[in-house]
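My notes follow the display.

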Amino acid sequence: MADLPKKAKVVIIGGGVIGCSSLYHLAKKGWTDCVLLEKNELTAGSTWHAAGNVPTFSTSWGIMNMQRYSTELYSRLGEEVDYPMNYHQTGSIRLAHTRERMQEFERAASMGRYQGIKMEMWTPEEAKERYPFMETHDLAGVLYDPTDGDIDPAQVTQALAKGARDMGAKIIRFCPATGVTQEKDGSWIVHTEQGDIACDYVVNAAGYYAQRVGEWFKPYGGRTVPMMVMSHQYLLSEEVPEVEAWTKENGGKLPLIRDVDVSYYLRQEKHGFNLGPYEPNCRAHWTDDSDPMPDDFSFQLWSDDLDRIEDIVTDAMERVPLLGQSGISRVINGPIPYAPDGLPLIGPMPGVKNAFEACVFTFGIAQGGGAGKVLAEWIVDGATEWDMWAVDPRRYTDYTDHDYCVKKGMEVYGNEYAMHFPHHEWPAARDKKLSPVHDKVKALGGVMGAYNGWERANWYAKPGDDTSLEATHTWGRSGPWEARVREECEAVRDACGVLDLPGFSRFRIQGAGADEWLRGFVTGGLPKVGRINLVYVADTRGRIVTEFSCIRLDEDDFVLITAATAQWHDGDLIRNAVPEGVTVSETTRDRDALLLAGPKSRDLLAPLTDADLSAGWLTHQHCTVAGKPAFLIRVSFTGELGWEVHAANEDMPAIFDAIIEAGAKPFGMYALNSLRIEKGYRAWKGDLSTDYTLLEGGLERFVKLDKPQDFTGKAALLAEKQQGRKKGFVTLKVDAGEADAPYMSPLWHKGEIVGETTSGAWGYRVGHSVALGMVRADLTVPGTELEVEIYGEKRPATVQEDQPMWDPENARIRA
């Protein structure tokens, strides 16, 4: 056991596969002066009892990237660090019972091919040839992933640990961390039972103890880590002679089966089987005082509870009858941490400087290699190679209380293999944040969706419309909402619509020097007093970090408005950058906003307000609406004449009632998405992400390379300007079928993948499907013919002029 050093660059708390991978990747990047603390032996938490499956499958681009990297790392790691490992890339057979599941598989396969994973779609007969012991008569098809397989969790963890040690990093076992103290300069003291370690950065990689460790950071701006713990069982069978014979004859293991519509995996374990169900009748642990979390659960399991999984086991035995002919040799029932969406927390700790998280991994072995890479990039480079918003801890904010985390964790576990249809809203733990007119919106027929915990209407149903969850189980645009969304878009086009939009993230920047600081913070120019414009923040590579609406109230008085989901991300970004003397205050929860849009919106609003409605586009003013104080901004994300009406929560009900009574038609988020795509307006973390530079994103007009301020990313953007961009933003007219292009649909040209869509929707004003995307720079020429792959079907798409498809001259918005 190594001696505890007095100082380190980074201290990692937790010695599972994630902590060891993080240490290994920090050392690979040259940061060898790092220390990992483990209170017991390495792998003592979820790692030691993990099944060790290593899939690449995901419908999340970032997650697939991370898991793909894990498979590539594990393939070479044993030889690289001279540590023997059992890693079997057997391939996997993922079973589809329905057309909708086949569409999901086609989507994942297309993303996989883009990343270099040679996934294939098989018929049931082809699957039977590869897996003769499986019944296939009731299947619609199969997805085959040749890179899937399994690895020994302890071996891969020890290999990563050895690699880190060999490069000079230190691992201190049997050394519990007991707390942290942050110094005035932002550095840390990590307290342990063996003494203290001073460090620049600290990482919470404590697995299912991450919430306890997270409490130590609350005095320094932290929050309760959003997580809970599930009981997960898997069964090991006795050996099966037929499996042993097949293995000897074929020189390898059977492919892994995932029957995702029933919800289990089945793989060969030696010469028997490993069956892992994800049952709807699931069990959470350590959720209340009747079941307290022990101080140390190292290398421990719970008693088995086979009644919960009986139906799934029976189905698996019918799928592979050999399983039913063998007895159960062992049941593993251990704790697995779950975040509310089932994805881990990797990245900056919200609200806390120089602290990071790499915890709450449900599939830690599969994601461990990639997670270490991502975490090391966050710490060393300040940014990740791939946009990893899917796992960024700041994607959650203040709505993730204990009740939310438990209910969502159980919902995710019980639907582990569920399809995430674009119009489906998961029902557990809703209504966490409500607008002041929520009940009024519901009474008008609002069918709600959750956005950073805020309830917003997705569409407005009429009496008799099917608003059931079952109606949303489609990848297509057609559903009970489709006719209503069309009507809502037409109302905004022809008359006046109103959208209640709670949750705008609002930050007020004030104080001497605010103007000069902002000029060095954003890539472009600032508005004049009384005006508003868009501003962008880049990272050191010139990539898009975020977008703000910048409102200038006075010379050194600004309001920055950003997306609801960006609240903690952008809040940290601002607060960590402002100089002394400049203050930041937030009014996100205190105010609501209405979007009023359409050619008749001025006529409707005029009798209700004392505002000057002749003031031009991109202006703002204080006024009253319906006799209540309000702040009116002349902008419109719909592309029609319109205003944003901002007001205090207590004043908004009267304003909303007056606008509805005056004849405005309520519209929802689905209509807004259609309207904004027709205008080419970008959405954050879809069209605007760190996967793209500002120049690639078509945002050059928001970059002032000639201004004296040396904003972040300026050098990279100057170099890109000289050398030429690799990709370019395009608007596409798509000859779509029943579905519009989802995020990250591959774009093809002459048999080659040349780009991807970033969003897509039906344009009800232009009368066809529209997609926004990124394509190889030489193919951005208007009129270029491409194909977009939508759920396995290649559809013709044509590059449009570099201008909005609807009202390209902006005559309607300026009216």
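These entries go through the look-ups one by one.

I worked on a predicted model, where local features need pLDDT of at least 70, side-chain atom pairs count only at pLDDT 80 or more, and totals for chains, interfaces and linings use all residues. Residues are numbered from 1 along each chain as its sequence is written, and side-chain values use heavy atoms, with hydrogens and water left out.

I looked up the second largest pocket and got about 880 Å³ of space. A pocket here is an open set of points on a 1 Å grid over the protein atoms alone, where a 1.4 Å probe fits, with protein on both sides within 12 Å along at least five of seven lines; lining residues have an atom within 4 Å of a point. The volume is the space filled by probe spheres set on the points, which are joined across faces, edges and corners. I found 36 lining residues, and Trp378, Gly382, Arg394, Leu573 and Asn576 are the closest to the centre. By class the lining has 17 nonpolar, 10 polar and nine charged residues. Gly counts as polar in this scheme, and Asp, Glu, Lys and Arg as charged. Elements that each supply at least two lining residues include α11 (364-381) and α16 (567-575). Helices (H or I, at least four residues) and strands (E, at least two) are DSSP runs, numbered from the N terminus.

**Helix α14.** I checked the span of α14 (residues 480-494). Its 15 residues reach 23 Å from first C-alpha to last, close to the 21 Å expected at 1.5 Å a residue. The expected span is 1.5 Å times one less than the number of residues. Among its buried residues are Trp481, Glu482, Arg484 and Val485. Buried means under 20% relative accessible area, with a 1.4 Å probe and protein chains only. The cover over them includes β21 (454-460), β28 (591-597) and α19 (669-678).

**Strands.** I followed β37 (residues 785-790) next. β37 pairs with β34 (residues 746-749) in the antiparallel sense over two bridges. Pairing needs at least two DSSP bridges between the strands. Leucine 747 stands opposite valine 788. β37 also pairs with β38 (residues 793-799), antiparallel, over six bridges. Leucine 786 has alanine 797 as its bridge partner there. In that hairpin, with two residues between the strands, tyrosine 791 takes a positive phi near 50 degrees.

**Leucine 160.** Is leucine 160 buried or exposed? Leucine 160 counts as buried because its relative accessibility is 0%. I placed leucine 160 in α6 (residues 153-166). Beyond neighbours within four places in sequence, its contacts (heavy atoms within 4.5 Å) include Val17, Tyr24 and Leu77.

Notes:
Buried means under 20% relative accessible area, exposed over 50%, partly exposed in between (1.4 Å probe, protein chains only).
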